[in-house]
Amino acid sequence: MEFVTQHPVLVVSLIKIAIALFVVMTALAYLTWFERKVVARIQSRWGPYWVGPHGLLQPLADGIKFLFKEDVVPPTADKVAYLLAPFLALALALTTLALVPIGPATISILGQPTQLVISHSPIALILLFAISSVGVYGVMLAGWSSNSKYPLLGGLRSSAQMISYEVSLTLSVVGVLLLAGSFDFYDIVGHQAGHWFHFLPSWEIFPQFLGFICYLTAAIAETNRVPFDLPEGETELVAGFHTEYSSFKFAMFFMAEYGNMITVSCLATLLFLGGWLSPFPDRWSWQLYLPGAGLIIGGLALIVGGLRSVQWNAKAVFPVLGLVCIGVGYLCTLHGATHPVAKAVQGPFWFISKVFLLLFFYVWARGTLPRFRYDQLMSFGWKFLLPLSLINLVGTSIFVVLGWHP
Amino acid sequence: MSVAMLVFIACGLFAVLGAVGLILAREPVHSALSLVLVMVALAVLYLLLGAAFIAAIQILVYAGAVMVLFIFVIMLLNAGVEVRTNLSHLARWVGLPLAILFLAEMTYSLFHEYAARTALAAGGAVAGPVPASTEELSMKLFTEYVLPFELTSILILIAILGALVLAKKESA
């Protein structure tokens, strides 16, 4: 306890990191499940079904499988860079999330008041871009160090693509920065509070719609996802930069990709979609009950669905999960939702809902769009997206200089 | 010893190790990676000095853009392992003495500065707070130093034009 009182910030940060790591790792695992389920539904299939009820234990099974697979290192590989690449990719993908705040509330851990973010910095946005710009090394080094043709081509493609789209990605965000006048996520979200005409939330997506479109497109390319997944286009490059990686090193690249997806979705939420702000005006007090009500309805659905299921494990597990959901939901609606816990839940509820919507958009795009050709990808990035984000930047600057911005 | 001192020593060591590795590595990619290590270590040193913005820009520009392009070119040209030669005449008779001179100069000024600082500290003088916030930095950049800033932009523009001219096909 003496250590805790001497280094309060250190101890609280470590606790927050441990919680965040657990939550993010679980979210990563279940994002793969979610993606497979949604893509399966788009393609009229069932997706993972047999490992646990509705395939809910599939991520766990995949993880164990990766752990026990033989770890093959190509004899001609450059050992240092080959080992470094997956660690770099995953570590950097997870580090960026330390800068993402998920709510305005101040909670207390071990008696220390602390914010719902691991690292609150006045230049958080630049730091986030700095960390994610170094993330290219993971892919590049993986491609180079494998000492094999397909990974090299994949690594080259991917680094060219990431360098090209990073320009548009960064430029598309500058419009929001001009309007908010700060690099701090708390200020950026605070600037988006309020409503136009008493109903339209004053989020940056409306004045910065061009910027939002540019950001979303560039972000998909930045994370090497369909329709910009040329670096791993399996029809031409086997698996691109991670062809020579097996076992858990492959899983690390996989997790890094999903981690980057979560990061760019969080960033889009913070910059364009009002972060943790509720879309409804403050005077509608019933919105305070929404997180609790959502949990209770979800719990009821789980109980009914579980009891109607033909799988015996679903019959056993789902009602229990449903009861837990209902219990937590009840806690969130206590005292007319003015209880401190219920209030602290509001921000994260809206934040996570918006991030989830964006992630769904990602998966949806993957399920419906065909892959670009490489020259199309490059000319789209440089000849369309970059001018578009520049037009947005110049237009926003003119508005700000003339003092027309809301 | 304070935590800041420990971090300083660790980063200094990493920076020197990276610099030595940059010269000694025979694989071009390893050299480039050592340079990245130097830059990241420098960024942490900036952070220790309270210049978070400069630290972030250092990583964003040097580690995240310049070195990525370096490695990209190395990969694209598929540069092989470097061939070692003996020192050339120029390196032996001009380079080595210059390097030794530079080292001596650095050592001298470092000790000189250190002595001056300890004398100042003994006299009770403390270094004033450094203006480190982004606002102050940008105000300085766009008022006091606007001419060098614009000149640098023009320099970069010339470089872009040069690259365009070089990349243009002959039969235009």
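A crossing of two helices is called left-handed if the near helix is turned anticlockwise from the far one by less than a right angle, and right-handed if the turn is clockwise. In this predicted model, helix α6(A) passes helix α7(A) in a left-handed crossing, whereas the crossing of α2(A) and α3(A) is right-handed, as is that of α2(A) and α15(A).

**Helices α6 and α7 of chain A**

- Helix α6 (residues 136-145) of chain A packs against helix α7 (residues 149-180) of chain A at an angle of about 155°, and their axes are 7 Å apart.
- Because angles over 145 degrees count as roughly antiparallel, α6(A) and α7(A) are described as roughly antiparallel to each other.
- On the α6(A) side the contact is formed by A:Val136, A:Val139, A:Met140, A:Ala142, A:Gly143 and A:Trp144, which meet a set of residues in α7(A) that includes A:Pro151, A:Leu152, A:Leu156 and A:Met162, together with A:Gly154, A:Gly155, A:Ser158 and A:Ser159.
- Sorted by class, the residues of this contact of α6(A) with α7(A) comprise nine nonpolar and five polar residues, with no charged residue.

**Helix α2 of chain A and its contact with α3**

- The axes of helix α2 (residues 8-42) of chain A and helix α3 (residues 58-68) of chain A come within 9 Å of each other and cross at roughly 115°, which makes α2(A) roughly perpendicular to α3(A).
- From α2(A), the residues A:Ala29, A:Tyr30, A:Thr32 and A:Trp33 take part in the contact, while α3(A) contributes A:Gln58, A:Pro59 and A:Gly63.
- The residues of the contact of α2(A) with α3(A) are four nonpolar and three polar, and none is charged.

**Helix α2 of chain A and its contact with α15**

- Helix α2(A) also packs with helix α15 (residues 340-368) of chain A, here at an angle of about 45° and with the axes 9 Å apart, so that α2(A) is oblique to α15(A).
- In this contact A:Leu31, A:Phe34, A:Glu35, A:Val38, A:Val39 and A:Ile42 of α2(A) meet A:Leu359, A:Val363, A:Arg366, A:Gly367 and A:Thr368 of α15(A).
- The contact of α2(A) with α15(A) has seven nonpolar, two polar and two charged residues.

- Strand β1 (residues 106-109) of chain A pairs in the antiparallel sense with strand β2 (residues 112-115) of chain A, and the pairing runs over four bridges.
- Within this pairing A:Ile107 has A:Thr114 of β2(A) as its bridge partner, and A:Ile109 stands opposite A:Gln112 in β2(A).
- Two residues lie between the strands of the hairpin of β1(A) and β2(A), in which A:Leu110 takes a positive phi near 55°.

**Contact between the chains**

- Chain B brings 15 residues into contact with 18 residues of chain A.
- The side of chain B that touches chain A draws most on helix α3 (residues 52-77) of chain B, which gives 13 residues.
- By class, that side of chain B has 13 nonpolar and two polar residues, and no charged residue.

**Domains of chain B**

- The domain assignment divides chain B into domain 1 (1-83), domain 2 (85-130) and domain 3 (133-172).
- Between domain 1 of chain B and domain 3 of chain B, the C-alpha centres lie 24 Å apart.

Methods:
Residues numbered from 1 in each chain as written. Chains lettered and ligands numbered in written order. Predicted model: local features only at pLDDT ≥ 70, side-chain atom pairs only at ≥ 80, totals over all residues. Axes fitted to C-alpha atoms, helices over the stretch in contact; angles between N-to-C directions. Parallel < 35°, antiparallel > 145°, perpendicular 65-115°, else oblique. Contact = placed C-beta atoms within 7 Å. Nonpolar A, V, L, I, M, F, W, Y, C, P; charged D, E, K, R; others polar. Domains from an automatic or database assignment. Pairing = 2+ DSSP bridges.
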